[in-house]
Amino acid sequence: MKTLPQWLAHLETAYTGGTAHSHGSIDMGLERIRAVQERMGLQPQCPVVVVAGTNGKGSVCAFLESIYRAAGFSTGMLTSPHILRYNERICVNGRPASDEAIVAAFERIEAARGNTALTYFEFNALAAVDIFHRAEVDVMILEVGLGGRLDAVNIFDADVAMVTSVDLDHQAFLGDTVEAIAFEKAGVFRPGKPAICGQNPPPESLRRHAEAIGADLLLAGRDFGFSKLEQQQWSFHFHPEHSPQFSGSRKRNALPFPALRGAYQLGNAACALAVLECLNARLPVDIGAIKRGLLDVQHPGRFQVLPGRPLTILDVGHNPHAARALRRSLIALPFAQKRLAVFSMLADKDIGAVLELLQDQFDEWLVAPLPLPRGLSAEALQAHLQAAGIGNVRLFGSVAEAYRAALSEAGENDRIVVFGSFHTVAEIM
């Protein structure tokens with residue numbers, strides 16, 4: 001019997017090298033994984049929430065998971081990518097699944113698939129739902145890995161589907177316009193079911209698709225929203241006047257600011273509360289559980305502020321949309337004497353746009369390569385920074401080395417921000 005590391009090494013090299021949307025030896029589409037799902041008899045018996053979007057997906061999942069647990073429900077949550085251990089992707093009641101549980105699920109998938117080839121991400125999705133099914137959870141929260149329409153998660157019908165935001169990312173797979181990407185993400189919507197969009201106005205292709213299939217489209221700013229109140233509090237309102245299945249309105253007042261930092265997190269929290277409203281008849285949640293869930297939520301690496309001085313922030317953001325959010329959050333922070341960036345990015349990301357947005361937020365850049373096939377060399381990173389008109393750049397052999405240098409020279413009134421990739425943050429964690 002293989003161990004989990006052996007299984008993962010096998011899945012990363014088998015079939016399509018681990019990408020669920022390869023144009024190589026495996027056909028795109030959900031027919032293969034659906035056939036294996038049927039053989040395994042994997043039909044969720046509880047409400048399923050599917051969350052897609054360019055940014056904010058993981059935070060919305062984390063809010064939902066934390067609030068439902070605070071309300072006494074058992075939860076299964078699938079997210080990606082992981083930061084330190086694969087097990088982080090599959091959580092039952094807030095705890096990563098054990099190696100044994102994941103290996104047992106992989107063995108069951110292997111037995112069921114016969115001659116059907118499956119990718120790393122398809123194994124991932126099936127294993128998660130298999131584990132949640134066996135744990136008899138009350139709700140499954142499934143984060144889309146890439147896109148939506150052709151993502152492995154989309155074989156499971158969402159009782160509520162959410163698209164948090166749409167921006168340019170993964171263009172090689174999803175298309176190079178916002179409208180093309182929005183159509184892929186809207187593929188998680190289902191006829192007659194709530195389809196929540198955290199972006200208003202929504203991309204036209206998303207709105208048209210929801211209309212064409214008869215999904216119940218709920219828009220941020222129109223059907224739900226939030227207002228900031230005094231004393232670090234906020235309120236949420238839900239008034240879906242355009243919805244065929246919800247009537248009346250609801251207000252949740254005097255909510256605490258969430259434990260996840262960054263101004264954009266109130267928008268993500270409001271999206272999560274809209275999901276709660278849609279499922280309230282099946283999974284009722286009181287105001288106390290919402291408050292506890294907002295205060296207890298954890299989601300490492302998303303504008304994560306480390307304790308102590310100097311102020312140190314970890315952020316996995318790696319596209320222009322995330323860079324804009326990071327910029328707004330940095331501007332809102334108190335004055336820092338010296339602002340240090342510990343930075344690295346992958347070659348297939350829009351590094352030029354990210355640097356353009358953040359170039360004025362740092363006085364010094366400490367850059368290093370990531371030890372991955374898709375990583376940029378230190379020299380390539382430096383060339384990108386020079387092209388963006390950024391001076392005061394120092395090169396290091398590794399991200400950890402760059403971070404140690406930043407810590408050794410930063411005074412207690414300075415600020416260090418580690419960002420650019422999940423892999424950059426993972427090296428520091």
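**Reading salt bridges and burial**

Guide: Lysine 338 sits in the loop between α11 and β14 (339-343) and glutamate 409 in helix α14 (residues 399-409), so the pair ties together parts that are 71 residues apart in sequence. Keep in mind that this is a predicted model, where local features need pLDDT of at least 70, side-chain atom pairs count only at pLDDT 80 or more, and totals for chains, interfaces and linings use all residues. Residues are numbered from 1 along each chain as its sequence is written, and side-chain values use heavy atoms, with hydrogens and water left out.

Visitor: What counts as a salt bridge, and how many does the structure hold?

Guide: The rule is a side-chain nitrogen of Lys or Arg within 4 Å of a carboxyl oxygen of Asp or Glu. The structure holds 22 of them. One of these links aspartate 130 to arginine 108 at 2.7 Å, N to O. Aspartate 130 belongs to helix α5 (residues 120-135) and arginine 108 to helix α4, so parts 22 residues apart in sequence are tied together.

Visitor: Why is helix α3 described as largely enclosed?

Guide: First, the labels: helices (H or I, at least four residues) and strands (E, at least two) are DSSP runs, numbered from the N terminus. For α3, 12 of the 14 residues are buried, so the rest of the structure largely encloses the helix. Among the buried ones are Val60, Phe63, Leu64 and Ile67. The cover over them includes β1 (48-52), β2 (75-78), β5 (139-143), α9 (265-278) and α10 (287-296).

Visitor: What span should helix α3 have?

Guide: The expected span is 1.5 Å times one less than the number of residues. For the 14 residues of α3 (residues 57-70) that gives 20 Å, and the end C-alpha atoms are 20 Å apart, which agrees. After α3 comes glycine 72, with a positive phi near 90°.

Visitor: Which residues is serine 329 in contact with?

Guide: Contact means heavy atoms within 4.5 Å. Leaving aside neighbours within four places in sequence, serine 329 is in contact with Gly262, Ala263, Tyr264 and Phe303. Serine 329 lies in helix α11 (residues 320-331) and is buried, with a relative accessible area of 4%.

Key. Buried means under 20% relative accessible area, exposed over 50%, partly exposed in between (1.4 Å probe, protein chains only).
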